[in-house]
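Dear colleague,

Please find below the structure that I am handing over to you.

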Amino acid sequence: MALRAAGRQSLVDTVVEQLRAQVAAGEWRVGERIPTEHALAEQLQVGRNTVREAVRVLVHAGMLRSRQGEGTFVVSTADPADIVRGLQRAGIRDVLELRIALETEAARLAALRHESSDIDRMRAALDAQTAYEDPEGQPDSGNLELYADHDVAFHRAVVEAAHNPALTATYAWFSSSVREALVTALGDRDMPRIVHGDHHALMEAIASGDPEAAGHAARTLLERPKQAVENLLAED
C-alpha cells in the first residue's frame, strides 16, 4: 500500500508520523525490510534526506533497525514513547496493579538469588527514610518527595535483587510513574500511611530465602494502598 504523500510544512515530522503509523498498523511485519529510501521518497514525494532523517528517528525509538549493506528492518510495531505516555496517563490504581505484578515476582526471585549487598541496600533505604519522618513516624509533609525517593530506592533494591536484567530495566523505566503515584498518595489524607513493618517483613522474607513468603509479603505491602484506592473510586 502506497503511503499518503506528505505535505510540505514539517516534512521530517510528517514522514516520521506516517512511517510510525504504517509500522504500527503492520504494513511491514517484524523482521521485514522496509522499502528503500528512494522508494519511500517517491511514495511520499519528499527528498531522500528527509526520509533518511525520519528513519533515523524511528531507529532511535526502537521501532526500526538499520543493518549495514542490508537495509532497514522492523523490530517492533510498538513505539516505546507511546508506552511511556500511557504510563504517564495511568492512574494510581493502574500503577499499583502493575507494581503488584512486577514486584511480587521480583520478590520471589530475590529470595532465591539475592546477595548480602542487596539486603544491605534495602536496609539502607529504609534507614534513610526515617530522616524524613515526623515525630509520629509518618512522612514529614515538607519532605514528601525525599521520603518517596527512599521508598522507591527500597523497591528498586528489591527488584534488582532478583538479578534479572530485563526485570530491572523494565522497573527502572517504570519507576518515575511509581514515584509520581507515591508522592500523590503521600499527600492524600484518605490514603493509608506507609507501614514500615510491611517493608521490613518483605526484606526479612527475601533474606530468609523463602520465595513464597517473599511474594506474599510484596503483595500484602501493595494490596493495602490498592484497596484504599478502590474504596475511594467506589465512593465516587
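Arg67 stands opposite Gly71 in strand E2. Please note that the model is a predicted one. Ser66 likewise has a bridge partner in E2, namely Thr72. In total, four bridges join E1 to E2, and the two strands run antiparallel.

The hairpin formed by E1 and E2 has three residues between its strands, and Gly69 adopts a positive phi near 80 degrees there. Gln68 is also found in the loop between strand E1 (64-67) and strand E2 (71-74). Is Gln68 buried or exposed? Its relative accessibility is 80%, and because the cut-off for exposed is over 50%, Gln68 counts as exposed. As for its position relative to Met122, the C-alpha atoms of Gln68 and Met122 lie 45 Å apart in space, while 54 residues separate the two in sequence.

**Helix packing: H1 with H3**

Two packed helices are described by the angle between their axes and the distance between the axes. Helix H1 (residues 11-24) and helix H3 (residues 48-61) have axes that come within 9 Å and cross at roughly 55 degrees. H1 is therefore oblique to H3. The crossing of these two helices, H1 and H3, is right-handed.

On the H1 side, the residues in contact are Leu11, Val12, Val15, Val16, Leu19 and Arg20; they meet Thr50, Glu53, Ala54, Val55, Val57 and Leu58 in H3. Sorted by class, this contact of H1 with H3 comprises nine nonpolar residues, one polar residue and two charged residues.

**Helix packing: H5 with H7**

A second pair consists of helix H5 (residues 92-113) and helix H7 (residues 144-160), whose axes are 7 Å apart and which pack at an angle of about 55 degrees.

From H5, the residues Arg99, Glu103, Ala106, Ala107 and Ala110 take part in the contact, and they meet His155, Val158 and Val159 in H7. By class, the contact of H5 with H7 has five nonpolar residues, one polar residue and two charged residues.

Yours sincerely

Conventions: Residues numbered from 1 in each chain as written. Predicted model: local features only at pLDDT ≥ 70, side-chain atom pairs only at ≥ 80, totals over all residues. Heavy atoms only, no water. Buried < 20%, exposed > 50% of the residue type's maximum accessible area, 1.4 Å probe, protein only. Axes fitted to C-alpha atoms, helices over the stretch in contact; angles between N-to-C directions. Parallel < 35°, antiparallel > 145°, perpendicular 65-115°, else oblique. Left-handed = near helix turned anticlockwise from the far one by under 90°. Contact = heavy atoms within 4.5 Å. Nonpolar A, V, L, I, M, F, W, Y, C, P; charged D, E, K, R; others polar. Pairing = 2+ DSSP bridges.
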